[in-house]
Amino acid sequence: QAEVEELKEKNPTDRLEEPFSEKAEERRQAKAKGKRRKRRTPKRRGRLSTAKKIARATRTEVVYPDDCDPHDCKLSHTRVAWRLEDGRAVLVAYEIYRQGNRYGQPPGVPGRGEFGMEILIALAYQVYTLGLSLDKACQVLGVFQNLSLKKSQGNALLNQLARTWEQEFDTLCMLLANSAVVYCDETGWSINSVWAFLTDTLTVMFYGVHKDGKTLAQILDKATFAGVLVSDDAAIYQGFSQAQKCWAHLLRKAIKLTLQAPEDTRYRELTDSLLSIYRTAKRVANDKRFSAVGRQRRVKELEEDLLVLCSVHSLEGSETEGVEDDYRRLVNEVTRLLLAEELFVFVTTEGVDGDNNVSERELRDDAQRRDTGRTNKKPTGAKRQSIIASVLRTLGKQLSEFTLGSVLAEIQRWAERGRSCFTDQAKAAGLNRPPPDAEQRSLLDRIILDVDQPQTA
């Protein structure tokens, strides 16, 4: 009790006098003898000067402003940048010339940075696509490209890339909201949830967002979205004008019943019948000989078969529990989706599948990173990952060959034309960027940076 009282009187922020390491003991002894511990002088203080960086450069290149006569330009300054050439990192000194207020810009070097775009993309691909930690990604660049990159520098480069691509992310969201078919799924994350929205040409990721109606309305508004939403039967996805519910989820529930109670023949009959109806629907959907009228007729037949199946297995009003209750709820779910006409949209609509497995596969790596603790810890990191991952994965779909060279060539075309390929696609579709909200905040700021605020469905 006396020790407890003594500890209560102490300031909890005070350091304990007892040493807990060899260095702590040395400091204590030196302090007791009145000796001042000699401070170790670092080999290098602060950042390298520009002159020393230029002296280390492998070569020097001259950069003039665009559409200017070199004879009318004068040297403004010299800047250095690390570039990847033939798989190795080289330091290049750029002599920047100017004409009036127009300055030369080194090709492939964003802003006033000291690293080429190829280094930013290589780092982002390893972190947000391969799933390496930032420390390991920096080590990979050091081992294979001979580039000495600290974690703090890598973090700053990823922030710079996210700022550069934030406008492109907004354009992707606009294209997504006007797509004909969208596949979506979500899973848990260190900060709320991660959401994946996919089309045949787009992949838009939202990390660290709420899974509620307010968030979904800002991404895909039920009142304005005219496409087909392919998803599971979660309550958040109900209410869309056109929807295709995932058959894989229904079949997995039915198969689970047969595994839990193999002696009950009703579960096996339900599972076999559902599989038979789904396989027939898949054959009709893939058969190009059917006309639109023929497909509608076959869908009516399939709906009648499914309605008869549900009526035979219906347990409405019965008090059940355990596996029997799962069986009752599955039959009711199939009946509800059948009456809502959300089970056979993939038969009559081109480009729609009967499941959302493509979005589930997109989240598989993220789920593994969540289970191993390799996720974002702050909303700002979630925002950065949402931007970079979405742009990289979308480029992987739209480029004929997804390599570092092809990505750099595409981004260089963005810089030369002053707009991205995503902007061209939005313009071709007649889409205009929506005006910002009253507080001039982007979509990501509203749905990611406000995660601490309560939201309702």
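Trainee: Hi! What should I know before I start?
Mentor: The model is predicted, so local features need pLDDT of at least 70, side-chain atom pairs count only at pLDDT 80 or more, and totals for chains, interfaces and linings use all residues. Residues are numbered from 1 along each chain as its sequence is written, and side-chain values use heavy atoms, with hydrogens and water left out.

Trainee: How much space lies in the largest pocket?
Mentor: About 1,100 Å³. On a 1 Å grid over the protein atoms alone, a pocket is an open set of points with protein on both sides within 12 Å along at least five of seven lines, while in a cavity a 1.4 Å probe fits but cannot get out; lining residues have an atom within 4 Å of a point.

Trainee: Which residues lie nearest the centre of that largest pocket?
Mentor: Arg47, Lys53, Glu114, Phe115 and Gln153, out of 31 lining residues. By class, the lining has ten nonpolar, 13 polar and eight charged residues. Ala, Val, Leu, Ile, Met, Phe, Trp, Tyr, Cys and Pro count as nonpolar, Asp, Glu, Lys and Arg as charged, and the others, Gly among them, as polar.

Trainee: And what lines the largest cavity?
Mentor: Leu270, Leu274, Cys310, Leu330, Val331 and Val334 do. By class, that makes six nonpolar, no polar and no charged residues. The largest share, three residues, comes from H11. The space inside is about 30 Å³.

Trainee: Switching topic: at what angle do H15 and H17 pack?
Mentor: About 70 degrees, with the axes of H15 (residues 379–398) and H17 (residues 421–428) 12 Å apart. H15 and H17 are therefore roughly perpendicular to each other, a label for angles of 65 to 115 degrees.

Trainee: Which residues make the contact?
Mentor: Val391, Thr394, Leu395 and Gln398 of H15 meet Cys421, Phe422 and Gln425 of H17, where contact means heavy atoms within 4.5 Å. The contact has four nonpolar, three polar and no charged residues.

Trainee: How many aromatic pairs are there?
Mentor: A search of the whole structure finds 13; rings of Phe, Tyr and Trp (its six-membered ring) pair if their centres lie within 6.5 Å, and planes under 30 degrees apart count as stacked, over 60 as edge-to-face and the rest as tilted. One of them, Tyr125 with Phe402, is tilted, at 6.0 Å centre to centre and 50 degrees between the planes.

Definitions and conventions
Axes fitted to C-alpha atoms, helices over the stretch in contact; angles between N-to-C directions. Helix = DSSP H or I, 4+ residues; strand = E, 2+ residues; numbered from the N terminus. Parallel < 35°, antiparallel > 145°, perpendicular 65-115°, else oblique. Points joined across faces, edges and corners; volume = space filled by probe spheres on them.
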